[in-house]
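Here are a few notes to read alongside the model.

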Amino acid sequence: MRRYFGRKLAIYALTFVVAVTLNWIIPRFMPGDPVLRMLTRTSVSNPEAIAPMRSYYENVFGLDVPLWKQYLNYWVELFQGNLGVSVWLFPAPVADVILRAVPYTLALLLPSILLSWWAGNKVGALAARRRWLDNTALPVSYALTATPYMWLGILLAWSLGIVAGIFPVAGGYSFELRPDWSWVFFGSLVQHWFLPFLSLFLVAFGGWAIGMRNLIIYELEADYANYLAALGAPRRLIRRYAFRNALLPQITGLALQLGVLVAGALVTEIVFAYPGLGHLILQAIQNQDFFLLQGAFLFIVIGVLGANFVIDIVYVLVDPRTRTGMQGAT
Amino acid sequence: MTDTERMEAPGVPALAEPVAPLVGRRRETLHFAARNKKVVGGLVVILAFLALGVLAPLFTTHGPNEYVGPPAAPPSADYWFGTTTFGQDVFVQFANGIRSTFLVGVLGGGLAALIGMTVGFVAGYRGGLVDELLNMVTNIVLVLPALAVLIILHAYVGITSVPMQAMFIGLFSWPWVARAVRAQTFSIRSREFVDLARLSGMRPLAIIRREIAPNMSSYLFMTFILLFGGSVLMAATLDFIGLGPTEAVSLGLMMNSAVHWSALHLGLWWWFVPPGAAITAIVGALYVMNVGLDEVFNPKLREM
Amino acid sequence: MALHVDDLRVHYRTLRGDVRALDGVSFAVADGEIMGVVGESGCGKSTLGKSLVRLDNRMKQVGGSVTLDGEPLPIGDDRAMNRFRFKSVSVIPQYAMSALNPTRKIGRLVADLLAAHGISYSATRPELLRRLALVDLPETVLDNYPIELSGGMKQRVVLVLSTLCDPALLVADEVTSALDVSTQQAVARTLVEFRDRGYVRSMLVVTHDISLVYQIADTIMVMYAGRLAEKAPSDVVVTEPLHPYTQLLIGALPEVGARFSDRKLTGIPGRPPGLRNPPPGCRFRARCPLAFDKCAEQPPFVEVAKDHRVACWKAGS
């Protein structure tokens, strides 16, 4: 098992290094003076405010510092939590801007991923054994999983938000309120959270339901299921075993889908102007704030790697085959 | 044992069940495919959209971004899908958008298929150090969130055309294909006919191409369909964020504009409903076709 | 008598029509008897074995009846059969090595199965351990996952589990096909031992290996193309086979002047008829060196000597 985790950690570490390197290399090797280019793209009018910014970027991208030192500086700054200064929201540091947005994105991602996974698995398993549910839930699931995340968001925003007026369609909370620890504020948070959450939940749900249904059908035909049936085991028992066995590939599937789910959350936030990372990224693009973009990129990478690691741990705990040190999951 | 065939007693009826020759297998596949409702249905939908995308722009008199009609007009006889807030013809945009959708799907899906299959075959066939290295690369690309990387790439390098967008999408969508192809190659590699080919001196690439790939052809085809769908969805996502090719018209860009110009609040549903509906329909048809093809290629499923 | 099978007919549903896998099979198995069911692939022996325990969803019973200890066995009714499975009728499947749930410890699996049948695991555990010891499995095997056991160990676990409730009838379906010769011996001997100790009352050993059944079976029944060809005590079948097919199987040469290769099972020219539209009359006609006009009519499976039944116009006469 140590080998298993060792390999996984090595891959994640390597991926992180690749990501950080990409982040540093791309602007660095564009033609021309990268620092000058970035600074002239901004609309910062305050000359002395540019100075601290300039010194950071001189260290990281500047021409008078040797290349390898620049790369090293970038890492040093990274570990000190310094991702640069935002151009658009000057003089706020990038890290601060991002950290303000992350809770909103997590509030969307975590519940929608977990609930859609759980509900999708349950419904998929049910559909595998009830024909009427299979004939209704399956086409619906296919339609849902084929739906682009932002379009469902648009539809929900328009139908339930604007036309029916039940839910708000912009912001993380009502514009009149100030953040505080009150029920009113919390209620407003939930109200604004619900539609984007629902949108993410529905699309993801479709995929899990289809996957689980197919896996259960496959498991129910496996030798162990046939043997138990031949020994007179009730269908309840066989289904229980099949469900548990089918969950394992669904856990790895979760890791594989992380990228897609994160992308979905980002575009959904844009549709609802929800103040998370997605909304931030959109504005960074529109305002040409590249440092903010780079910071957001790193954050997403760290988040995805961390989630992958958690899923790996969960998988090892759940699949007995990995624990015995035998081949198990790749 | 050839002489024993003579030993049939006279007047005995011939064997009741002839054995189907291997040659007829492809024809049999087509026969089943043509009868499978899911395959046919999915194909019809896709071809209909393709026809729309290819033919419709030929018959329109104005371009997708020209200001031709009254602004924000609902669908009418003149403008089937109404107009945008600027008076652009939504239907023309739609038809052109479908073109880019298919283009990015084919190119992006094709590139991802090519990379994934090559990496998978080589890793599965060679094994050893090559396999380890390719595995590492596969895992890294797998874990790296594609959207995030594309954001950075676009910010600095810029994505200007649809083929370029397709290339970037293809470069990130292949890991799962590589894994699956590698696993299948492992199992096929150990079979006798491959050993035979190797013994007869065939070069590895030829073996992969002539002995292994045909056995997986059905799987590869289905993989391409899934990659096509995935490409379409990813392109729409990129376009929606504003990371898409700026000069081309695309369905994602339409939705981006619609949201940006308050179409939701103004109730201009004809602007944002058709693009997403088209993507859902195309990708959905692809998935359904895939399920049908699985039944066609896997006889056991047929009987269910 | 323990098992009575009367004119059993089982068909396989396919897209192109029904395959008549069992087309009128009648025989009886006595208490304590081990009967070997032999024949080439596609003769229906596996179908026979399976249909006595559990018809899968492609099979359907179209005729005949089965009685066990005087009580009718509702093989066509899946739910009704559950009362009999594991306790009265049990099976050692062909896929025994992959028959255990890979994510469940052996002990837990047994406990779950027993609990589902309303049997106490703790009460049965001592007997379970005794039987595991009998097949050379340590007590610790109950705490293992299937992946931690070798193929042979898994098969022995299945052997013990399938017979845990002392079934009246055990169907052993090709249990030695995937094994090396010495393991085959061990498994064969274990089967006989289980019968001798009373863990199993009667046994049907389905296999294509005549030499195996000769070692352990009291009676051998030969099947061909969905029908019974011959049934007799094992030494009689091997030394005095009456059906031409059996004779060809055993390697005895009938006097018709044909030349065959020396190999016992592969030496019969031709192939069995397809069972979707089987030819009328005796199904072995096309390959039989003794065939004549009367063979256009299906010969009945009759007793021509003590405990010796044959379906051939030429036998016994």
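The points below go from conventions to chain C, and then to chains A and B.

1. Conventions first. This is a predicted model, where local features need pLDDT of at least 70, side-chain atom pairs count only at pLDDT 80 or more, and totals for chains, interfaces and linings use all residues. Residues are numbered from 1 along each chain as its sequence is written, while chains are lettered from A and ligands numbered from 1 in the order in which they are written.

2. Chain C overall. Chain C holds nine helices and twelve strands (DSSP runs numbered from the N terminus: H or I of at least four residues for helices, E of at least two for strands). Its radius of gyration is 20 Å, which agrees with the value near 20 Å for a compact globule of 317 residues (taken over C-alpha atoms; the rule is 2.2 Å times the number of residues to the power 0.38). The C-alpha trace spans about 65 × 40 × 40 Å along its principal axes.

3. Packing in chain C. Among contacts with a separation of 6 or more, 63% join residues 24 or more positions apart (contact: C-beta atoms, placed from the backbone, within 7 Å).

4. A sheet in chain C. Four strands make an open antiparallel sheet, ordered β2-β1-β4-β5 (strands pair if DSSP finds at least two bridges between them). Strands β2 (17-29) and β5 (71-72) of chain C are at the edges with a single partner each, so one side of each has no neighbour in the sheet. Strand β4 (59-68) of chain C pairs with β5(C) over two bridges, and L68(C) has E71(C) as its bridge partner.

5. The contact between chains A and B. Chain B gives 36 residues and chain A gives 43 residues. On the chain B side, elements giving two or more residues include α10 (217-241) and α13 (269-297) of chain B. By class, that side has 29 nonpolar, seven polar and no charged residues (nonpolar: Ala, Val, Leu, Ile, Met, Phe, Trp, Tyr, Cys and Pro; charged: Asp, Glu, Lys and Arg; polar: the others, Gly among them).

6. Helix α10(B). Of its 25 residues, 18 are buried. Just after α10(B), G242(B) has a positive phi of about 105°.

Technical notes
Contact = placed C-beta atoms within 7 Å. Buried ≥ 20, exposed ≤ 12 C-beta atoms within 10 Å, placed from the backbone.
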